[in-house]
Each structure stands twice: as C-alpha cells, then as structure tokens.
Amino acid sequence: MTVEAKDLAGLKPDALAPAAIEAKAETLAVGKTKLAPAKCFVLAMFAGAFIGFGAMFFCTFLGDTTMPFGVQRLVGGLCFCLGLVLVLCCGAELFTGNSLMVCGVMSKKITWGAMLKNWVIVWLGNLVGALVVVALVFLAATPDMNGGNVGATFVSVALGKVTPDWITLFFKGIMCNILVCLAVWIGFSARTVVDKVIGILLPIAAFVACGFEHCVANMFFLPMGLLCKLTGYAAVDASALDLGAIFYNISAATLGNIVGGAIFVGLAYWFVYHVKSEK
C-alpha cells in the first residue's frame with residue numbers, strides 16, 4: 001500500500017459518536033486545567049476579542065433599520081456566529097464553553113477547585129479581551145457607519161439588555177448557554193473545519209435571534225453601548241444604561257450561563273454517555 005493510500009485509509013469523515021464526544025470533553029477538561037495561568041489568560045483574551053468581533057458584525061448589520069424584524073434577527077444571528085467560529089477553529093478559552101468541564105469533574109479527572117480556577121481566569125481574560133475590542137472598534141470609528149446608525153444600534157442593543165428584570169435575564173442566560181454548549185458539543189464531534197463551521201451556525205444564530213443573554217458577548221455589547229451613549233450616538237433615552245446596569249446584566253447572564261451549560265448540557269450528557277474506566 002502506498003503512503004497516499006495509507007493516509008486515505010486513516011481518514012474518518014464521519015463525526016464522533018455522542019459517547020466519544022463526552023469522552024473528548026473529559027480529556028479536554030484535563031488539558032484546560034494544565035494550562036499555565038498566563039497562557040490560559042491570553043487564550044481567554046482571544047476568546048473575548050473573537051466574541052466581540054461577532055458582536056460588532058451583528059450590530060453593524062443591524063445598523064440598517066429598513067430591514068424587517070425577522071430578517072434582522074436571522075441574518076444578524078448568522079453574523080454573530082463569526083465569534084464562535086474563531087474560538088473553535090483558531091483556539092481560545094471561552095468561559096461559556098468551559099461550562100462543559102463539569103464532565104471532567106464528575107468523572108473525577110479534575111477537581112472542583114481546578115475547574116473553578118480555570119473559570120475565574122477565563123472569565124477575567126474574556127472581559128479584558130472584549131474591552132480591548134471595544135476600544136479598537138470605537139477608535140476605528142465603526143459607530144459612525146451608516147450616518148451614525150451603527151452607533152445608535154450599539155446603544156439600543158445594550159439598552160435592551162439592561163431593562164428586563166434580573167430573573168428574566170437569568171433564564172435568558174440559561175437558554176443561551178444551552179444552545180452555545182450544544183454548538184461547542186458539535187464542534188467537539190467535528191473532524192474538519194467545515195464540520196465545525198456548519199455545525200455551529202444554527203444553534204448560535206438561534207440564541208442571538210431569540211435575544212438570549214451571553215455574558216461574554218455582553219462584555220462587549222454593554223461597554224460599547226455605554227461608550228456610544230456617552231459620546232452622543234443615542235437616538236433614544238438611554239439613562240438606564242450605566243455601570244450599575246452593566247453589572248446587573250452580566251451577573252444574571254453569568255450565573256444563567258453556568259446553569260445552562262454545566263447542568264443542562266454537560267452534566268446531562270455525562271450522565272447518559274460516561275463510561276467508567278475498568279481497573
């Protein structure tokens with residue numbers, strides 16, 4: 001058999017089966033806890049920046065106010081997919097996706113302390129990365145596009161995220177990370193870049209179109225909206241948008257994201273598919 005034939009024989013175009021995905025989630029959890037804190041933080045900054053790019057793309061598209069609501073939500077959701085495509089294909093540490101590390105904890109391959117340490121480092125790194133993109137996008141005059149309508153969109157999107165009550169935001173966070181972690185789960189199953197990109201489109205577009213709350217995306221949306229408000233882009237009364245409102249939203253979204261990803265996806269799939277290793 002030639003070298004080329006051997007290479008082709010080793011190719012497996014089919015996606016991983018569910019049980020193999022769960023085993024992979026456990027293995028990845030172990031690897032995440034072994035990352036040096038500085039490297040983990042930088043990878044988390046990348047993820048915060050990547051999600052910020054997706055949020056920027058989403059708001060730039062929504063800056064065209066002439067489109068029907070349904071078209072805005074669907075295509076805007078597809079635009080936002082840019083963020084998770086970059087995270088999964090380029091390599092980065094995303095807090096919401098790391099909810100799936102619970103599989104490693106339940107299998108006793110990592111400790112609760114190791115997982116929580118990772119979560120704290122990654123959450124903070126995501127925040128720093130998102131804020132860097134806020135600064136870059138603002139300095140690039142992106143809010144000025146379409147006669148300032150993009151800046152007004154940044155404000156209106158942020159305002160819409162701080163007006164619901166805390167419990168509503170919490171459940172929006174749960175729904176969001178169920179869909180995000182299912183998209184990440186699909187990414188775990190994929191063997192090619194095309195598999196990953198196509199597989200995540202619908203779950204991510206769905207959470208965005210339905211207005212659910214992603215804490216890392218909001219690390220971009222809310223500061224960007226506040227900055228645009230303070231610099232005169234608001235087309236409506238945005239007095240409700242301030243630093244307190246940002247904390248209000250992100251606290252609810254973060255806790256909801258943990259519940260949605262860790263319990264409804266990670267723990268549920270671990271219960272169904274985990275295989276005990278034989279001694």
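Predicted model: local features only at pLDDT ≥ 70, side-chain atom pairs only at ≥ 80, totals over all residues.
**View 1. The largest nonpolar core.** Start here, with a core of 82 residues. Those with the most contacts inside it are Phe80, Leu84, Ile204, Phe207, Phe220 and Phe221. Helix H8, spanning residues 166-189, gives the most to this core, contributing 11 residues.

**View 2. Isoleucine 204 and its neighbours.** This view picks out Ile204, one of the residues with the most contacts inside the largest nonpolar core. Leaving aside residues up to four places away in sequence, Ile204 touches Phe80, Cys81, Leu84, Val180 and Ala183. Two of these partners, Phe80 and Leu84, are themselves named among the core residues with the most contacts.

**View 3. Helix H4 crossing helix H9.** Here H4 (residues 69-90) meets H9 (residues 193-209), with axes that come within 7 Å and cross at roughly 135°. Because angles over 145 degrees would count as roughly antiparallel and 65 to 115 as roughly perpendicular, H4 is oblique to H9. The crossing is right-handed. On the H4 side, look for residues including Gly76, Gly77, Phe80, Cys81 and Leu84. H9 brings, among others, Val197, Ile200, Leu201, Ile204 and Phe207 to the contact. By type, the residues of this contact divide into 16 nonpolar, two polar and two charged.

**View 4. Helix H7 packed on helix H10.** Now move to H7 (residues 149-162) and H10 (residues 215-230), which pack at an angle of about 120° with their axes 8 Å apart. That angle makes H7 oblique to H10. H7 passes H10 in a left-handed crossing. From H7, the contact uses Gly151, Phe154, Val155, Val157, Ala158, Lys161 and Val162. H10 answers with Asn218, Phe220, Phe221, Leu222, Met224, Gly225, Cys228 and Lys229. Together, the residues of the H7 contact with H10 comprise 10 nonpolar, three polar and two charged.

**View 5. Two loop residues with positive phi.** Lysine 108 is not a glycine, yet its phi is positive, at about 65°. You will find Lys108 in the loop between helix H5 (102-106) and helix H6 (112-139). Its relative accessible area is 77%, so Lys108 is exposed. Asparagine 146 is another residue other than glycine with a positive phi, near 55°. Asn146 sits in the loop between H6 and H7. With a relative accessible area of 47%, Asn146 is partly exposed.

Definitions and conventions: Residues numbered from 1 in each chain as written. Heavy atoms only, no water. Core = buried A, V, L, I, M, F, W, Y, C linked by side-chain atoms within 4.5 Å. Buried < 20%, exposed > 50% of the residue type's maximum accessible area, 1.4 Å probe, protein only. Helix = DSSP H or I, 4+ residues; strand = E, 2+ residues; numbered from the N terminus. Contact = heavy atoms within 4.5 Å. Axes fitted to C-alpha atoms, helices over the stretch in contact; angles between N-to-C directions. Parallel < 35°, antiparallel > 145°, perpendicular 65-115°, else oblique. Left-handed = near helix turned anticlockwise from the far one by under 90°. Nonpolar A, V, L, I, M, F, W, Y, C, P; charged D, E, K, R; others polar.
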